[in-house]
Amino acid sequence: MDIPVTSDTHQLSRQIRFQNNDGKIWFEEQRVLLLQLGALADFRKEQIETVGLERAKGFFMRLGYSLGKKDAQLAMKLADSDDKLELLRTGFNLHALKGMVRIDDCTLQFDEECGHFYAEYLLHDSYEAEMFRSELGMLDEPACWSLVGHASAYTSTLLGREILFKEMTCRGCGDEQCMFVGRPAEEWEDVEEYRKYFSSAPIIEELYELQSQISVLRHKIDSESTLGNFRGRSAAYNQVCKLAHKAAPGKVTVLLLGETGVGKELVAKGIHSASERADKPFVAVNCAAIPPDLIESELFGAERGAYTGATQTRQGRFERADSGTIFLDEVIELTPRAQATLLRVLQEGEFERVGDTTTRKLDIRVVAATNESLEDAVAEGRFRADLFYRLNVYPINIPPLRERREDIPLLVAHFMEKYQAYYNKRTAGLSDMAMRAMMNYEWPGNVRELENLIERGLILTDNDDTISAHSLFPKLEMNDSQTVSSEGHLIDDEGEVADIPQSEWIDAALEECGSMEAIENRVIEHALTAANGNVSEAARVLGISRPTLAYRLKKLDQTL
């Protein structure tokens, strides 16, 4: 059947936000830019002159393809229903809202049951055709490359099958109008040849291969640029790696200092891996997790009958790490007796098991760590001064994540890859606003907290969707912004609430509902009522995704 196109852009225009305090523009959670058409024309001209017409065509088609996929994800997120035809119309409105083109008088035939799809789109005022007519000169072939890529990706993402569009006539090559035709990929005779435009050009692959080879060579030349799974690229990260690699070859005792979650155990493993003991045992011990009355026997072993419950002789962690490395995390938690035994190990290389009189020799590397001040503990009488001096031979301070923010994108990519494999999910990555929030956050829990947030965001996000800022930071607020009215004017955000004393409504909510969970349930019920039961509209009101609201509704039903 033929479906006429509508052009209601009000809901879409509300997604554009102008952030006044820092000069950023947001389209939903993606950062966007306003660029002059003339500047884009100059850039396209340079691309054509540098790599040739065919390579440039493929470049801009892939650019459009990437944009189309993101727009489809946004359309599905904002949709009131799963009606594919309505979602396709939303794509036309997105084009118009962005100033790219106005799509009019299209023929759109779609039958999901039999897999039929056919579309003819008439394009008015295409920005790409305008470039060639006014700036670059006419071509001998259709010129709306990125718009073709956008239409192909947008439709393919919505329908869940490969749909390819071609431009049959184009004002950029002298025709009276621009006209697209879209069909399933298998219905085009030259589909294999045409698909090449949507694949990375050989020159790019060659550059990537060269870049990979250079990276390998650099790693071989400068092994101190990395440290096991301790990730980063900042100056602070490089300084930690440099100090660790200098200490690794010898037997010097290393003391790692830093806040909780900065990666002290990863640095300890890196030191072990870079040393001559790399093929020997690495034993990690969290001293704070062992009961005080058991810590000495856990570390140094015990003879049978040494204490109640010691039914057999057993080795301690130090013996298991013999000839290798032992990592003592939270070393400040050691009991006085354990401190004395550790001092003897460091000074003499020997110890005795609990309840034994035999002296045993050890060849062991000790790496200790603490997030508290050992100097303060010495002053307070909680830690032996002589042991502190033995541990503090080679201190390495690992800075908190807020002091090495350049490492955040690399860590995000690392944990995204890790948890996408673990949960067998594939997302579209973090939204621009989500990444901005990550870069601005203070990270009291450091890298461990970042890892937990990435895992949380991945769990809350559907496959192929973008991880939103609210999935990572539910309490995130975006103030001092303006949006665009359906008439195209900047207006204050209509969602802003008048200034009222926060304590009043908070006290009232707690008094009436009694718990956080009850308040959340009441808010969800109110949003659904206001949206007349429309889940998508309620999700927009609440500032969360539709799948997130559906999950919470399911949870709410289970508690009723």
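Guide: Ala, Val, Leu, Ile, Met, Phe, Trp, Tyr, Cys and Pro count as nonpolar, Asp, Glu, Lys and Arg as charged, and the others, Gly among them, as polar. The model is predicted: local features need pLDDT of at least 70 and side-chain atom pairs count only at pLDDT 80 or more, while totals for chains, interfaces and linings use all residues. Residues are numbered from 1 along each chain as its sequence is written, and side-chain values use heavy atoms, without hydrogens and water.

Visitor: How is the lining of the largest cavity divided by class?

Guide: It has 10 nonpolar, 4 polar and no charged residues. Among the 14 lining residues, Phe92, His95, Ile103, Tyr121 and Ala151 lie nearest the centre of the largest cavity. Two or more residues come from each of helix H4 (84-98), strand E5 (116-124) and helix H6 (145-159), and H6 gives the most, with 5 residues.

Visitor: What makes a space a cavity, and how many are counted here?

Guide: On a 1 Å grid over the protein atoms alone, a cavity is a set of points where a 1.4 Å probe fits but cannot get out; lining residues have an atom within 4 Å of a point. By this rule there are 2 cavities of 30 Å³ or more.

Visitor: Which residues line the second largest cavity?

Guide: Its lining is formed by Lys77, Leu460, Thr461, Asp462, Asp465, Thr466, Ser468, Ser471 and Ser545. By class these are 1 nonpolar, 5 polar and 3 charged.

Visitor: Why is Phe43 called partly exposed?

Guide: Phe43 has 35% relative accessibility. Partly exposed lies between buried, under 20%, and exposed, over 50% (1.4 Å probe, protein chains only), so Phe43 belongs to that class. This residue is found in helix H2 (residues 37-51).

Visitor: Which residues form the nonpolar patch on the surface?

Guide: Phe43, Phe59, Leu63 and Leu67 form this patch, with about 300 Å² of accessible area together. Helix H3 (residues 53-78) supplies the largest share, 3 residues.

Visitor: How much space lies in the second largest pocket, and which residues are closest to its centre?

Guide: The second largest pocket (an open set of points with protein on both sides within 12 Å along at least five of seven lines) holds about 1200 Å³. Of its 37 lining residues, Val32, Leu33, Leu67, Lys98 and Met100 are closest to the centre. H3 gives the largest share of this lining, 9 residues. The lining of the second largest pocket comprises 20 nonpolar, 7 polar and 10 charged residues.

Key
Patches are made of residues with over 30% relative accessible area and no salt bridge: like charges are joined within 9 Å, nonpolar side chains (Val, Leu, Ile, Met, Phe, Trp, Tyr) within 5 Å. Accessible areas come from the Shrake-Rupley method with a 1.4 Å probe; for residues, only the protein chains shown count as cover. A salt bridge is a side-chain nitrogen of Lys or Arg within 4 Å of a carboxyl oxygen of Asp or Glu. Helices (H or I, at least four residues) and strands (E, at least two) are DSSP runs, numbered from the N terminus. Grid points are joined across faces, edges and corners, and a volume is the space filled by probe spheres set on the points.
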